[in-house]
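Hi,

Here is the structure I said I would pass on.

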Amino acid sequence: MRLTVTTWNINSVRLRIESVLRFLREEQPDVLCLQETKCPDELFPLKAFKGSGYENIVFAGQKGYNGVAIVSRFPLLTRDVMRFCERADARHISAVLGPEAGPAAGIVLHDFYVPAGGDVPHRDLNPKFAHKLDFLSELRAWGGRRVSGPAILVGDLNVAPLEHDVWSHKQLLDVVSHTPVETEALETLRGEAGWIDAARLLTPEPEKIYTWWSYRSPNWELANKGRRLDHAWVSPDLAGTVRKVAVFHAARGWEKPSDHVPVTLSLEL
């Protein structure tokens, strides 16, 4: 069985619902995990997703900020939300694939939206950066309970951890998302818990991988100053099933695009 799970920071699910539906029609992933939905629960576009054949949906949202959702062809058994830094700010949701998913049944899906951290990479000068570091610290303490069963963790983790996850390692060492304190924190928590970075499992460095291009760039495609902020991790028992991690670059050029693009993990179970 081929299982496909897409992660996408959509930067407002209502504003970009037509792009989401287009992606679902064209790529037809089994599961779509969204971040930064910026939508309170009562306004989440359930009807649009169900009309596209995705009947199974869990979400956690808030007005204007953050927000995460899991949209699935297969039934989802649970809906769990973790709070970090004593804030109920809709940055995590998880669900378990039901028996109808066949060989994929029982896989736990975690969808995360890690704080961006603002522009100044100093804890004492920037409360947003301090929040990001505290969030990563609590994520490390959780660790996925040391990944005790088949699980997939995806999302906008807002860190480009490796040298070739950014267009210029040297120029971005003092830029939030690629500072040593962030990259070391993310790689430490991933390694301690045993998560496998699926993209780098298949495409090791020094090949560049980007999933985000700034709105500030007048020509994102020509400049190609990207960063790999969106990730797909698998538990060790799923590492041998990873077949592909596809970055859907075309979506960055669509009308009213998100600055992130979809990233799809494919497993052969």
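Helix α3 (127-142) is the biggest contributor to the lining of the largest pocket, giving 4 residues. Before I go on, please keep in mind that this is a predicted model, so everything below is computed from it.

Which other elements give two or more residues to that lining? Besides α3, they are β4 (65-72), β9 (212-213) and α6 (220-223). The lining has 41 residues in total, and the ones nearest the centre of the pocket are A116, G117, G118, D119 and N158. If you sort the lining by class, you get 15 nonpolar, 13 polar and 13 charged residues. The volume of this pocket is about 1,200 Å³.

The second largest pocket comes out at about 240 Å³. It is lined by 19 residues, and K208, I209, Y210, V247 and H249 are the closest to its centre. Here β11 (230-234) has the largest share of the lining, with 3 residues. At least two residues each come from α6, β11 and β12 (242-247), and α6 is also on the list for the largest pocket.

Next, the backbone. Most peptide bonds are trans, and most residues other than glycine have a negative phi. Where does a cis peptide bond turn up here? It joins E205 and P206, with omega at about 15 degrees. P206 belongs to the loop between α5 (198-202) and β9.

C85 is not a glycine, yet its phi is positive, near 55 degrees. You will find C85 in the loop between β4 and β5 (92-96). Is C85 buried or exposed? Its relative accessibility is 15%, so C85 counts as buried, the cut-off for that being under 20%. N224 also has a positive phi, near 55 degrees, and sits in the loop between α6 and β10 (226-227). N224 has 35% relative accessibility, so it counts as partly exposed.

Now for the charges. Side chains of opposite charge can pair when their charged atoms come close. How many salt bridges does the structure hold? The count is 11, and here are a few of them.

R2 counts as partly exposed because its relative accessibility is 42%, and E268 counts as partly exposed because its value is 30%.

Another salt bridge pairs E182 with K132, and their closest N and O atoms are 2.5 Å apart. E182 belongs to helix α4 (residues 180-193) and K132 to helix α3, so this pair ties together parts that are 50 residues apart in sequence. Are these two buried or exposed? E182 is buried, at a relative accessible area of 0%, and K132 is buried at 0% too.

Helices α4 and α3 are also linked through E192 and R140, which are 52 residues apart. The side chains of E192 and R140 meet in a salt bridge of 2.6 Å, N to O. E192 is partly exposed, with a relative accessible area of 39%, and R140 counts as partly exposed at 39% as well.

Finally, there is a network of salt bridges, in which D165, D197, R200 and R228 are linked.

Over to you!

How values were computed:
Residues are numbered from 1 along each chain as its sequence is written. This is a predicted model: local features need pLDDT of at least 70, side-chain atom pairs count only at pLDDT 80 or more; totals for chains, interfaces and linings use all residues. Side-chain values use heavy atoms; hydrogens and water are left out. On a 1 Å grid over the protein atoms alone, a cavity is a set of points where a 1.4 Å probe fits but cannot get out, and a pocket is an open set with protein on both sides within 12 Å along at least five of seven lines; lining residues have an atom within 4 Å of a point. Grid points are joined across faces, edges and corners, and a volume is the space filled by probe spheres set on the points. Ala, Val, Leu, Ile, Met, Phe, Trp, Tyr, Cys and Pro count as nonpolar, Asp, Glu, Lys and Arg as charged, and the others, Gly among them, as polar. Buried means under 20% relative accessible area, exposed over 50%, partly exposed in between (1.4 Å probe, protein chains only). A salt bridge is a side-chain nitrogen of Lys or Arg within 4 Å of a carboxyl oxygen of Asp or Glu.
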